[in-house]
Amino acid sequence: MSVTRYRPGPAMLVTAAFIGPGTVTACASAGIGFGYALLWALVFATLATIILQNMAARVAIVTGQGLAEAILEAAANPALRWTIAALIFASLAIGNSAYQAGNISGTAAGLKLLGAGTLSPALLALATGLLAAALVVVGKPAWLEKLLIALVLAMSLAFIGGLAVIRVDWGAVLSGFLPRLPADSLFTAIALIGTTVVPYNLFLHAASVRGKFAPDAEGLAASNLDTGLSVTLGGLLSMAIVTMGAATAKLTASGAGPLDDIALRLESLFGMPARIVFALGLVGAGFSSALTAPLATGYVLAEMTGGANDPVRRTRIFKRTALAVVVIGTAFAFFAVNPVELILIAQSANGLLLPILAAFLLWVAARRQSLGAFANGPIANLLGCAVVLVCAGLGARLILRSAGLWP
């Protein structure tokens with residue numbers, strides 16, 4: 001497949017999922033607090049996402065199974081299978097409920113910046129949650145995918161278009177690609193990685209590629225292209241938001257939080273249209289993720305509870321689970337949990353959970369019993385292990401620092 005024939009495919013759902021309010025908040029905070037110094041973390045996160053998502057898609061395409069199905073089938077020991085199932089479910093159900101609250105709160109924050117401030121944050125969150133619930137219940141996968149692709153493209157126009165009008169020191173931007181950790185930047189660096197390399201995206205991508213690509217070399221190449229281009233676009237959007245934060249950091253801040261600060265700084269530089277463009281990007285980011293988080297959780301529970309030969313039962317489990325995530329997230333958002341704190345905590349927790357789920361993926365992707373000639377080779381295993389080790393090291397350092405055992 002040539003690049004000229006490329007059309008956005010299932011991997012755009014991955015970008016729609018990780019470019020959420022968490023990405024906007026973490027990237028804005030990184031730019032405001034540390035300038036361009038943490039751009040390297042987004043380069044690593046983008047490459048890591050491409051590596052892991054390609055593995056997840058390959059497992060699904062070759063085996064015809066979702067990732068949860070493939071992992072549980074590979075675990076021959078019943079005790080191990082139940083342990084893995086409990087870990088996957090707990091990680092995704094708890095994590096995605098937290099993400100969903102942040103997604104809905106972030107969407108409400110974007111609506112407020114657009115001028116919906118006459119409505120309370122609780123009502124804006126409730127309206128967002130109701131719309132997401134309706135789409136999850138009545139939506140068809142094909143047109144939900146098209147809606148999410150449209151939201152990603154709209155975000156691209158908003159954030160990259162906003163960057164085009166900012167005076168940027170490109171020499172300073174280039175210096176940000178040299179790995180370093182300024183003082184007190186560890187939490188933010190982990191948040192940047194956690195907001196990009198999202199564990200539930202591994203399951204969402206695997207579920208969405210089945211039946212879309214042929215289980216042969218050509219089909220896998222087409223899937224790899226889709227993943228590479230879609231995730232790279234997401235990485236560029238994240239870098240654009242960091243750059244916005246860094247380029248406007250010297251202006252007077254409102255003190256209301258990084259999202260409000262960037263919006264008001266852009267407005268002071270370029271007028272109200274600049275604030276509106278940023279707010280539209282935030283709404284698109286929040287709502288696209290408000291759809292993908294419940295979808296991913298629904299797919300996983302439907303896979304784990306069987307129903308492969310009972311499509312009606314599988315669909316029922318999927319929709320009920322997805323709806324439950326929306327309801328829980330909406331309830332948290334409705335009761336006014338601070339969206340910035342919630343999002344940053346959720347993203348950092350995600351960075352700690354990633355090595356565990358990625359290790360399961362590496363195990364399955366390397367099994368020749370399942371993937372045959374398409375199982376991981378030495379290079380793929382080496383790259384995957386490097387991703388897991390780096391993420392595990394960052395997470396371990398954060399835990400030790402929190403416990404006062406690391407300076």
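Where is Pro355 found? Here are some friendly notes, with that residue taken up first.

1. Pro355 is found in helix H15, which spans residues 339–365; helices here are DSSP runs of H or I with at least four residues, strands are E runs of at least two, and both are numbered from the N terminus. This is a predicted model, in which local features need pLDDT of at least 70, side-chain atom pairs count only at pLDDT 80 or more, and totals for chains, interfaces and linings use all residues. Residues are numbered from 1 along each chain as its sequence is written, and side-chain values use heavy atoms, leaving out hydrogens and water.

2. Pro355 counts as buried because its relative accessibility is 11%; buried means under 20% relative accessible area, exposed over 50%, and partly exposed in between, with a 1.4 Å probe and protein chains only. Leaving aside neighbours within four places in sequence, Pro355 is in contact (heavy atoms within 4.5 Å) with Val388, Cys391 and Ala392. Its C-alpha atom is 9.4 Å from that of Gly393, a residue 38 places away along the chain.

3. Ser288 belongs to helix H13, residues 272–304. At 0% relative accessibility, Ser288 is buried. A polar atom of its side chain lies 3.0 Å from the backbone oxygen of Gly284. Not counting residues up to four places away in sequence, Ser288 touches Ala16, Ile19, Leu148, Leu151 and Met155.

4. If you work with cysteines, note that a search of the whole structure finds 0 disulfides, a disulfide being a pair of cysteine sulfur atoms within 2.5 Å. Cys27 counts as buried, at 0% relative accessibility, whereas Cys385 is partly exposed, at 40%.

5. Helix H6 (residues 121–138) gives the most to the patch, with 3 residues. Leu123 sits in helix H6 and is partly exposed, with a relative accessible area of 46%.

6. For the overall picture, the protein has 17 helices and 0 strands. Of its 407 residues, 55% count as buried. Among contacts between residues at least 6 apart in sequence, 84% join residues at least 24 apart.

Key:
A polar contact is a pair of N or O atoms within 3.5 Å; within protein, one must be able to donate a hydrogen and the other to accept it, and residues adjacent in sequence count only if both atoms are side-chain atoms.
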